[in-house]
Amino acid sequence: MRATNEITMAVKFIRDEEKMIIEELKKLGIAANVLFGKQCSDCVNHPRMFPSVALIRNISLIESASIAKLLKLSGYRTINAPGTIEVCSNKAIQALFFQQHHVSQPKFSIAFNFDQITEFGESLGGRYVIKPIQSSWGRGIALIQTEEEFQAWRSGRESLEANQNSFPVLVQEVIEKGNYDIRVVVIGTKPVVAFRRVSDHWKTNTHLGASVDPIEINSDIYALVDMITGSLGEGIYGVDILYDSNKQKYLLCEVNHNPEFSFSQRVHGVNVAARIAEYVNEIYLTEQSQLRRVSNMGVV
Ligand SMILES: Nc1ncnc2c1ncn2[C@@H]1O[C@H](COP(=O)(O)OP(=O)(O)O)[C@@H](O)[C@H]1O
Ligand SMILES: [Mg+2]
């Protein structure tokens, strides 16, 4: 017998974050039906036998986008929405999306070959960042400051098989951000905690050893987050922000749709897992009440 209150959680594997969310959901009387990898056949083929909310926590960007789409089309309300996951999973789509919504970000270009990188790089004074469009944890991101560095990066790429020599890439101006960027955790539409990620390395991912320094969320950060959730819609996000010390302005670096928080939570003390569980519960209750309304009307 399934528990009355149950949501679905799609994962690649269970990390500390998912364990914590499952525990917090339990406290609210909700069980999590965990789907591993692509094992969503029951949900897709018998959608009405299961609860209609699915939390997407797959670590793989491609898998999370496709599972969210399948579940959505099987009648699930997915958190996050498939369209949002698609935007967040691809740095080129994301840059274009936020440009269209007038969200401040570093100058960028999407390059489809080496010459286009050089051309845009030169327009930036020969100092720029190259990013693979589907990556995370700082992997594959290169800072180019000299022709030599570019040639080294290029020959590394050219030595790959043609089908791995993947273009396009995102090319960005280098933001003078000091020794930190800012991670804001957003749940629903509001930021719940913000902290600096401080490092001696120019890439400030905590995975690469950056330390966590909690900060107040000021009105500029609020305004930027409002622009982001106003265009993307509500959801659970890890927003990376760069403070451009030349322009004295906050810029969006990227939005992650499946943020990790177990390491940073130990420092800032905000129970992100509990906030996620509350948000999922809220959506679950809304979905259930809508289902009840429709069923009272005799539609299902
Ligand atoms: N344009 C930039 N200028 C300066 N630093 C950057 C820039 N883009 C990224 N970084 C640094 O590199 C880190 C990783 O970049 P990001 O775009 O967030 O990719 P990932 O998905 O790998 O985290 C950021 O957290 C930031 O510290
Ligand atoms: Mg990042």
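Residues are numbered from 1 along each chain as its sequence is written, while chains are lettered from A and ligands numbered from 1 in the order of writing. In this predicted model, local features require pLDDT of at least 70 and side-chain atom pairs count only at pLDDT 80 or more, whereas totals for chains, interfaces and linings use all residues, and side-chain values rest on heavy atoms, with hydrogens and water left out.

Strands (E, at least two residues) and helices (H or I, at least four) are DSSP runs numbered from the N terminus. Aspartate 240 is buried at 3% relative accessibility, and glutamate 254 is likewise buried at 12%, where buried means under 20% relative accessible area, exposed over 50% and partly exposed in between (1.4 Å probe, protein chains only).

Across the whole structure, 19 salt bridges are found, a salt bridge being a side-chain nitrogen of Lys or Arg within 4 Å of a carboxyl oxygen of Asp or Glu. One of them pairs glutamate 173 with lysine 247, the closest N and O atoms being 3.6 Å apart. This pair also links distant parts of the chain, since glutamate 173 belongs to strand β8 (residues 169-173) and lysine 247 to the loop between β12 and β13, 74 residues apart. Glutamate 173 is buried at 12% relative accessible area, whereas lysine 247 is partly exposed at 46%. Lysine 247 forms a further salt bridge with aspartate 244, with closest N and O atoms 3.8 Å apart, and aspartate 244 is buried at 3%. Elsewhere, salt bridges that share partners join Arg15, Glu18, Arg57 and Glu260 into one network.

Asp115, Glu119, Glu122 and Glu147 form a negative surface patch, to which helix α6 (residues 114-123) contributes the largest share, three residues. Patches consist of residues with over 30% relative accessible area and no salt bridge, like charges being joined within 9 Å and nonpolar side chains (Val, Leu, Ile, Met, Phe, Trp, Tyr) within 5 Å. Glutamate 119, located in helix α6, is exposed with a relative accessible area of 57%.

Turning to the backbone, a cis peptide bond with omega of about 5° joins isoleucine 79 and asparagine 80, and asparagine 80 lies in the loop between β4 (77-79) and α4 (82-88). The peptide bond from phenylalanine 167 to proline 168 is also cis, with omega near 0°, and proline 168 is placed in the loop between α7 (147-158) and β8. Tryptophan 137, although not a glycine, has a positive phi of about 60°; this tryptophan lies in the loop between β6 (128-132) and β7 (142-144).

Key. Accessible areas come from the Shrake-Rupley method with a 1.4 Å probe; for residues, only the protein chains shown count as cover. Lys and Arg count as positive and Asp and Glu as negative; His and the chain ends are not counted. The place of a charge is taken as NZ of Lys, CZ of Arg, CG of Asp or CD of Glu.
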